[in-house]
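Me: Could you walk me through this structure? I am new to it.

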Amino acid sequence: MPSPRRRRPALPLTLSAAALLVPLATACSFSDGSDGSDGSGGSADGQRLRVVMAFPPAQAMSPYGDDAVTLSRLAVIEGLTTLDRNGDAKPALATSWKRDNDRTWTFTLRDAAFQDGKKVGSADVARSLRAAEEASPKPRVLSDTRLDVTTPDARTVRISTRTPDPLLPQRLANPSLTILSEGAYKGGRVDPAGHATGPFTLTKVNGALSATLQRNDSYWGDKAKAPGVDVKFVADGTARANALRTKTVDVAEYVPISQASLLGDGLVHEFPSARTNGLSLNTRHGVFADPAMRAAAREAIDSAALVKGVYEGRADTAKGLLGPGVPWAAAERTAPTNRAKAADKAQVAKTKQIVLATYTNRPELPEVATVVQQQLTARGFTVKQVVRDYAQLEADALAGKYDAFIQARNTLLDTADPVSYLASDFTCDGSFNISQLCDERVDAAVDKAAGLADTTARHRAETAAEAGILGTDALVPLLHERFVQGYDDSRVHGVSLDPMERTLITADTRVG
């Protein structure tokens, strides 16, 4: 799926939409203290943080679904490792690790405590990772591997994988592989409240409405500068933007593009994301089974027009599969290889009508589809649009029932490395191969990248695979999205602008 989250379209600022802002802004109020805060108006005194999040809990804060990302973005949970800006694994609950052989790694644990006071030991790590393995449905990060965990001693964990996995340290940074204390695993469910290790402790969840966090004073690292966080969940983007505008919140997650220019640069902060919006072309059936027609479609696309017209300049023109949110990609990128010569306009005009599909869950995509339709039509194609909710399109898209499909795809996926994206989307056996591509040269290039443990060598191999994929024109990159987070930078500091979407509030986040 292109995004683990479904986003509602932002309301335009019409009179009727404005009328909705009053009750929704009221829902963002933090002043009554009934949710466990100190009743002082949240962070009005420069202390507690007031945060409005876009996505309410969907699985009662279970770490095995999308709620794990919310917990990670609120600095509640941690795994054995964490990731730096380049996606490389860094110490978290593990201080070090070594690769014993192709399939086995040994991790040494730091001296840390859970939020319930229990010490973190190897038995806790084994319990947490085994629980993730046994979860139903299994977390996406474990969909292509299996972890076998043993505990040589109280401070050491040995983890083996079914097949060689040079990315295991990055994989273990995934929020779904968080480490929790024994008290979290009771009554047939997993409850992270008070049982994690992060700078903030989840103390209360009020359904899909709100949550309360308190500073974890026993945290092994730098203590949180805010004494707590009062969180509201508000799905409507216009309401989140209005709460920021009226200063009833300190941080507003995911400000819609339509609201960003209204708020102004002091309140909105753009940064590159790991998402690439692309036009997948069906390489197996229909008009685009012909490489010359795919090349013609590629030549028809004007990325700059999409960035300017649809995203109001708040996106980056397409450079390849991997955009600015993958910092090392630009330096390693090479030109596409083995591209076909594009069919001319007269040849294109002889083809049958093509079906271009996209989904409504990301509000900009239907408008992108309209502009792409116009660009393809100018090249001579006859285009019919299909625009629906993503859930109504996915099965048909994966079955190759559309000629072209526009999607926003996170190129770093679950291991923070693009090799899993390249494999799932562009290889013969790929699980998300909407373009239906099956090219032995591409498969060989992706397999080579997947087998490399050295980071520099793997990145070089991944950009070589990217060049081969772009050479097939199976996917035409349209643009690279930027994320927009909202906070007043004159008084709110330490907000994490993370291209991988795993962090937002940190121990350093504070008001004043």
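Predicted model: local features only at pLDDT ≥ 70, side-chain atom pairs only at ≥ 80, totals over all residues.

Me: At what angle do α14 and α15 pack?

Reply: Helix α14 (residues 440-450) and helix α15 (residues 455-472) pack at about 165°, and their axes are 8 Å apart. Helices (H or I, at least four residues) and strands (E, at least two) are DSSP runs, numbered from the N terminus. Axes are lines fitted to C-alpha atoms, for helices over the stretch in contact, and angles run from 0 to 180 degrees between N-to-C directions.

Me: Are they roughly parallel or antiparallel?

Reply: α14 and α15 are therefore roughly antiparallel (under 35 degrees counts as roughly parallel, over 145 as roughly antiparallel, 65 to 115 as roughly perpendicular and the rest as oblique).

Me: Which residues make the contact?

Reply: On α14 they are V442, A445, V446 and A449; on α15 they are R458, A461, E462, A465, G468, I469 and T472. Contact means heavy atoms within 4.5 Å. By class, the contact of α14 with α15 has seven nonpolar, two polar and two charged residues. Here Ala, Val, Leu, Ile, Met, Phe, Trp, Tyr, Cys and Pro count as nonpolar, Asp, Glu, Lys and Arg as charged, and the others, Gly among them, as polar.

Me: What about α13 and α15?

Reply: The axes of helix α13 (residues 419-426) and α15 come within 10 Å and cross at roughly 25°, so the two are roughly parallel. In this contact V419, L422 and F426 of α13 meet E462, A465 and I469 of α15. By class, there are five nonpolar, no polar and one charged residues.

Me: New topic: how many aromatic pairs are there?

Reply: A search of the whole structure finds 10 aromatic pairs. Rings of Phe, Tyr and Trp (its six-membered ring) pair if their centres lie within 6.5 Å; planes under 30 degrees apart count as stacked, over 60 as edge-to-face and the rest as tilted. One of the pairs is F288 with F381, whose ring centres are 5.5 Å apart and whose planes are at 50°, so the pair is tilted.

Me: Where do F288 and F381 lie?

Reply: F288 is in the loop between β14 (268-281) and α7 (291-300), and F381 in the loop between α11 (365-379) and β17 (383-388), so the pair ties together parts that are 93 residues apart in sequence. F288 is buried, with a relative accessible area of 1%, and F381 counts as buried at 2%. Buried means under 20% relative accessible area, exposed over 50%, partly exposed in between (1.4 Å probe, protein chains only).

Me: And what kind of pair do Y359 and Y390 form?

Reply: Their ring centres are 5.0 Å apart and their planes at 80°, so the pair is edge-to-face. Y359 lies in strand β16 (residues 354-359) and Y390 in helix α12 (residues 390-398), so the pair ties together parts that are 31 residues apart in sequence.

Me: Which residues join in a cis peptide bond?

Reply: S136 and P137 do, with omega about -5°. P137 is in the loop between α3 and β6.

Me: Where is A60 found?

Reply: A60 is in the loop between β1 (49-53) and α2 (67-73). Its phi is near 55°, a positive value in a residue other than glycine.

Key:
Residues numbered from 1 in each chain as written. Heavy atoms only, no water.
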